[in-house]
Amino acid sequence: MKSSANKVYVLGSARIPFAKSQTAYSEVSRKDLLVASLNALIERYQLKEKYIDDTALGAVMNSSSDFNLAREAILSTSLDPNSPAYNVQRACGTGLEAAWQIALKAHTGSIDIGISGGVDTNSDLPIEVSDKLQKVLLQLNKAKTLTDRIKIISQLHLKDLKPKTPLIDEPRTHLSMGAHCELMVKEWKISREEQDELALASHLNGARAYAAGFFDDLVSPFMGLKQDGTLRADTSLEKLAKLKPAFDPINGSLTAGNSSPLTDGSACVLVGNNIGAEKFGLKPLAKFIDVQVAAVDFVHGAGLLMAPTKAVAKLLTRNQLSFQDIDYFEIHEAFAGQVLCNLKAWETEKYCREVLGLSAPLGKIDRKRLNVVGSSVSVGHPFAATGARILGTLAKLLSQSSQKRGLISICTAGGMGIAALLESV
């Protein structure tokens, strides 16, 4: 057994431009989207025909036909076909969860290098048949005679032929994530103007980063796109203010402009220890320090997307750090309102004491350190790919300076959150 004290690094990342669902990638399968990012990673870091110790990839909107998605994706690239791979799923935290698993293996020395990442597309939806039609089809498979088949088919009604499309509503509340976030912003008294301001900052930061060439070695052109199709460099508070509420038409404040759009895309990250870095001749971009997950009881009143407040608090406490010790905050923007609720909670003494178990508030986050090159509201949110996008982005930010720390915070469906801590090498 190798040393259990291996330092672990982000060694590289690659992704394709994200696109609004049913647009540029409307005819591309989830596997092909995933392979596109893997191919970009392989080309950028000269991995052709190289053996990768393990690969963890995931999709939230996956299909039974893609039960072995990760391995099939690897076999569709020029990597050594002996490279193993497996599927991961932790809702919108999938990309970061996958990286965490690979990092833990590299830390123990059971592997030296691995790939993590994710893909999602609302253009290649896993549409299913109704429960009744499913049962009838299974019965037909057992039927011996034509008479038996006719009797079985006669059980069907026209409504049974209607396909089942996947819902992103919470099964226990039957509310969408947006409807849950509406409840949160009302509870925390977050205004429409605040949400639009955060959304605008995301778009402007993303547009400036693209113009400055920050994404040139992170985003590889695909299907005619060179940058994220949802990014709006020309938006303004006036334009955002004209948009109608998307989830609560009467009293709502969440709109298409201050919420992340339904997005197609993929991203992947190369993670390894010193041995892996040396073996492949790679310079570490950032040091993987720690990860924390958490959950809230949203069924009984907690805000669905408040779990990151707990994950971040536990992560910082364990590492004896405060917000003042963090130089870059990468907070996934499922909704601008969700980010603002989390920020306000960390500033609130009662919440930090009663919910987070802290003796004092975590305090304010300097907005100049928040999502400095844009985030999900502007660049898009292909569910399982977002964690990998953020991880690659933060690693590059940290690689451009020394003695810096970065914090990732991601909310997920099911009332969960995942947070990670990275440092400059």
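# Rings, charges and backbone

Q: Is Phe215 buried or exposed?
A: This is a predicted model in which local features need pLDDT of at least 70 and side-chain atom pairs count only at pLDDT 80 or more, while totals for chains, interfaces and linings use all residues. Residues are numbered from 1 along each chain as its sequence is written, and side-chain values use heavy atoms, without hydrogens or water. Buried means under 20% relative accessible area, exposed over 50%, and partly exposed in between (1.4 Å probe, protein chains only). Phe215 has a relative accessibility of 3%, so Phe215 counts as buried.

Q: How many aromatic pairs does the whole structure hold?
A: Rings of Phe, Tyr and Trp (its six-membered ring) pair if their centres lie within 6.5 Å; planes under 30 degrees apart count as stacked, over 60 as edge-to-face and the rest as tilted. A search of the whole structure gives a total of seven.

Q: What kind of aromatic pair do Trp188 and Tyr351 form?
A: The centres are 5.4 Å apart. The planes stand at 75°. The pair is edge-to-face.

Q: How many residues apart are Trp188 and Tyr351?
A: Helices (H or I, at least four residues) and strands (E, at least two) are DSSP runs, numbered from the N terminus. Trp188 lies in the loop between helix H6 (177–187) and helix H7 (192–211), and Tyr351 in helix H12 (residues 349–354). Both residues, Trp188 and Tyr351, are buried. The pair links distant parts of the chain, with a separation of 163 residues.

Q: Why is the pair of Tyr210 and Phe215 called tilted, and what is the angle?
A: The ring centres lie 4.5 Å apart. The pair counts as tilted because its planes are at 35°.

Q: Which residue has its charged end over the ring of Phe214?
A: A charge sits over a ring if NZ of Lys or CZ of Arg is within 6 Å of the ring centre and within 35 degrees of the ring normal. Arg15 lies over the face of Phe18, at 4.4 Å from the ring centre. Over Phe214, at 4.7 Å from the ring centre, sits Lys396.

Q: How far apart are the closest N and O atoms of Arg30 and Asp66?
A: A salt bridge is a side-chain nitrogen of Lys or Arg within 4 Å of a carboxyl oxygen of Asp or Glu, and the structure holds 18. In the salt bridge of Arg30 and Asp66, the closest N and O atoms are separated by 2.8 Å.

Q: Which parts does the Arg30 and Asp66 pair tie together?
A: The two are 36 residues apart in sequence. Both are buried, Arg30 at 3% and Asp66 at 15%. The pair ties together helix H1 (residues 30–44) and the loop between strand E3 (54–58) and helix H2 (69–75).

Q: Which residue joins Arg30 and Asp66 in a network of salt bridges?
A: The network links three named residues, Arg30 and Asp66 among them.

Q: What is the phi of Ala91?
A: Most residues other than glycine have a negative phi. Ala91 is in the loop between strand E4 (86–88) and helix H3 (94–108). Its relative accessibility is 9%, so Ala91 counts as buried. Ala91 has a positive phi of about 45°.
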